[in-house]
Amino acid sequence: MAPHTEQLTRPAVRLRGLTRSFEGRTVLDGVDLDLPAGQFTALLGHSGSGKSTLLRAIAGIDHGVAGSGTLTAPERVSVVFQDSRLLPWRRVLPNVLLGLDGKDAEERGRAALAEVGLGGRERAWPSELSGGEQQRAALARSLVREPELLLADEPFGALDALTRIRMHALLRQLWERHRPSVLLVTHDVDEAIALAERVLVLEDGRIGLDLTIDREGPHSHGAYRSRLLKALGVTEDTP
Ligand SMILES: Nc1ncnc2c1ncn2[C@@H]1O[C@H](COP(=O)(O)OP(=O)(O)OP(=O)(O)O)[C@@H](O)[C@H]1O
């Protein structure tokens with residue numbers, strides 16, 4: 001294979017046999033997963049199925065998985081959580097720039113804030129932002145680092161339904177523009193189908209279902225929804 005072809009097809013993330021237990025209970029049981037560069041993937045699963053554990057392992061912030069399998073991940077990884085994790089004692093722009101240096105850092109920070117719709121709010125305190133705006137700032141903080149991989153752990157879980165819809169559009173737009181690989185952990189089946197090209201279901205410590213969402217194809221949103229709910233063992237008419 002020519003080197004440039006190899007570059008294009010090499011996955012951004014490759015996991016083999018990743019296992020994680022807590023107090024003798026196995027949460028991840030030999031997970032194998034490839035995330036192609038530039039793909040938008042969503043990860044669904046019941047509460048406690050290990051979604052955040054898997055995300056933390058890929059982010060390299062869980063040292064407890066060491067030696068349990070193999071993990072290859074890109075160098076520049078950004079993580080966004082359900083709460084923005086902005087430092088309350090720093091204004092918005094310094095929060096976005098945290099840990100960055102270089103003479104063009106400020107300019108990049110301002111551009112990232114403008115891109116998420118927070119142009120002009122650089123000097124605001126985090127407490128002066130709404131929940132949605134705080135998540136926009138968190139996205140700007142990720143974006144400014146030009147991540148090859150963006151890991152998002154229920155980033156819209158605490159937002160109201162209307163704000164969530166706007167944030168979906170924003171995340172999709174940012175992904176289309178910058179094309180990082182994205183792994184989005186969510187509880188929300190509709191969010192997963194609306195945003196991702198591929199939806200994974202985590203069950204019994206492994207990837208149970210791996211579904212490609214083809215927006216141009218013959219299947220409707222409802223058809224994907226039924227498939228995913230079935231994999232999750234949820235029926236809509238059972239209380
Ligand atoms: N640091 C820890 N110590 C002990 N147990 C843990 C730890 N982190 C996770 N667990 C356990 O591992 C299991 C999986 O947790 P995890 O947070 O990954 O699930 P999840 O699918 O993300 O859940 P939710 O959707 O509710 O956020 C849970 O039973 C949890 O209690």
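User: What makes strand E1 and E4 a pair, and in which sense do they run?

Analyst: Two strands pair if DSSP finds at least two bridges between them. Strand E1 (residues 11–22) and E4 have three bridges, in the antiparallel sense. So they count as paired. Arg14 stands opposite Thr72 in E4. A word on the source: this is a predicted model, where local features need pLDDT of at least 70, side-chain atom pairs count only at pLDDT 80 or more, and totals for chains, interfaces and linings use all residues. Residues are numbered from 1 along each chain as its sequence is written.

User: Why are E2 and E4 said to stand at the edges?

Analyst: The open sheet has three strands in the order E2-E1-E4, with antiparallel pairing. Strand E2 (25–36) and strand E4 (70–72) each have a single partner strand, so one side of each lacks a neighbour in the sheet. Strands here are DSSP runs (E, at least two residues), and helices are runs too (H or I, at least four), numbered from the N terminus.

User: Why is helix H5 called largely enclosed?

Analyst: A residue is buried if 20 or more other C-beta atoms lie within 10 Å of its own, exposed if 12 or fewer, and partly exposed in between; C-beta atoms are placed from the backbone. Eleven of the 13 residues of H5 are buried, so the rest of the structure largely encloses this helix. Among them are Gly132, Arg136 and Leu143.

User: How do you know that the span of H5 is close to the expected one?

Analyst: The expected span is 1.5 Å times one less than the number of residues. For H5 (residues 131–143), with 13 residues, 18 Å is expected. From first C-alpha to last, H5 reaches 18 Å.
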